[in-house]
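User: Please take a close look at the charged side chains in this model. I would like one connected account.

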Amino acid sequence: MSQLMDKYSVENMLKAHVKVKANKDAGGIDEISTEEIDLYL
């Protein structure tokens, strides 16, 4: 996961996170839950 954070800006990751939460935590192709992502953000 650290490679992901190195590649993408934290600001964009947070914006995307808010959108996923607003979409009732609809899972993406990576099947990572928002709870898992919360640990990194």
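**Charged side chains and confidence**

For the protein chain, the mean pLDDT is 75, and 78% of residues reach 70 or more. Where pLDDT is low, the predicted coordinates should not be read in detail.

This is a predicted model: local features need pLDDT of at least 70, side-chain atom pairs count only at pLDDT 80 or more, and totals for chains, interfaces and linings use all residues. Residues are numbered from 1 along each chain as its sequence is written, and side-chain values use heavy atoms, without hydrogens and water.

Now the salt bridge (a side-chain nitrogen of Lys or Arg within 4 Å of a carboxyl oxygen of Asp or Glu). The count is one. Glutamate 11 pairs with lysine 15 at 3.4 Å, N to O. Both sit in helix H2, four residues apart, so about one helical turn separates them. Glutamate 11 is exposed, at 52% relative accessible area. Lysine 15 is partly exposed, at 46%. The cut-offs are under 20% for buried, over 50% for exposed and in between for partly exposed (1.4 Å probe, protein chains only).

Next, the negative patch. Asp25, Asp30, Glu31, Glu35 and Glu36 form it. Patch residues have over 30% relative accessible area and no salt bridge, with like charges joined within 9 Å. Asp and Glu count as negative. A charge is placed at CG of Asp or CD of Glu. Aspartate 25 lies in the loop between helix H2 (10–22) and helix H3 (34–38). Aspartate 25 is partly exposed, with a relative accessible area of 34%.

Notes:
Patch = residues over 30% accessible without salt bridge, like charges linked within 9 Å, V, L, I, M, F, W, Y side chains within 5 Å. Areas by Shrake-Rupley, 256 points an atom, 1.4 Å probe, with all protein chains shown as cover. Helix = DSSP H or I, 4+ residues; strand = E, 2+ residues; numbered from the N terminus. pLDDT = per-residue confidence, 0-100.
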